[in-house]
Amino acid sequence: MSQDNPGFDTLLDDLPPHLADEGLPLAEAAVAAPRPRRDFAQMLRKIPVTLTLEVGSADITLDQVMALQHDSVVELDAVAGTPLVIKVNGTPIGRAEVVVAGENYGLRVIELADLDLLSIDTPN
């Protein structure tokens, strides 16, 4: 029994029999112990992402950006009245239109890509 740390022997007693019998050092035994199975799809659903609604874009020079003033107008590549692009972390996932929700803007989804996280394969 270890006199420096009496709790150490208790930890060794808690090892699964197949590891305790092999005489593995404690660090190796901890690595070799089976880990509980995790539901990766459920974990992925909890990751925060940024949802944006893109009106359109314009390719302009840095000179043109520096020349922008109050009341400047930049023509975008989107036609007025067409659905806007919904993006999650910069990746397009669908289309929507702008709505007013109280004092804020919102979006009404018109088209959405298949986002089924349950179909993700989980390792055994």
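User: What makes β2 and β3 a hairpin, and which residue in the turn has a positive phi?

Analyst: Happy to start there, with the reminder that this is a predicted model. β2 and β3 have two residues between them and form a hairpin. The turn residue with the positive phi is N89, at about 50 degrees.

User: How do you know that β2 and β3 pair, and in which sense?

Analyst: Two strands count as paired if there are at least two bridges between them. Strand β2 (residues 84–88) and strand β3 (residues 91–101) have five bridges, so by that cut-off they are paired, in the antiparallel sense. For particular positions, L84 has A96 in β3 as its bridge partner, and K87 stands opposite P92 in β3.

User: How many bridges join β3 and β4?

Analyst: There are eight, again antiparallel.

User: Why are β1 and β4 called edge strands?

Analyst: The sheet is open and its four strands run in the order β1-β2-β3-β4, with antiparallel pairing. β1 (51–54) and β4 (104–112) each pair on one side only, which is what makes them the edge strands. From one strand to the next, the twist averages 45 degrees.

User: What holds paired strands together in general?

Analyst: Strands of a sheet pair through backbone hydrogen bonds, in either a parallel or an antiparallel arrangement.

User: Why is S57 called partly exposed?

Analyst: Buried means under 20% relative accessible area and exposed means over 50%. S57 has a relative accessibility of 35%, which falls between those limits, so S57 counts as partly exposed. S57 lies in the loop between β1 and α5 (62–66).

User: Which residues does S57 touch, leaving out those up to four places away in sequence?

Analyst: S57 touches L76 and D77. A contact needs heavy atoms within 4.5 Å. The C-alpha atoms of S57 and D77 are 5.7 Å apart, although the two residues are 20 apart in sequence.

User: And what share of the chain is buried?

Analyst: Buried residues make up 11% of the 124 residues. The accessible surface comes to about 10,600 Å², with 55% of it belonging to carbon and sulfur atoms.

Key:
Residues are numbered from 1 along each chain as its sequence is written. This is a predicted model: local features need pLDDT of at least 70, side-chain atom pairs count only at pLDDT 80 or more; totals for chains, interfaces and linings use all residues. Side-chain values use heavy atoms; hydrogens and water are left out. Buried means under 20% relative accessible area, exposed over 50%, partly exposed in between (1.4 Å probe, protein chains only). Accessible areas come from the Shrake-Rupley method with a 1.4 Å probe; for residues, only the protein chains shown count as cover. Axes are lines fitted to C-alpha atoms, for helices over the stretch in contact, and angles run from 0 to 180 degrees between N-to-C directions.
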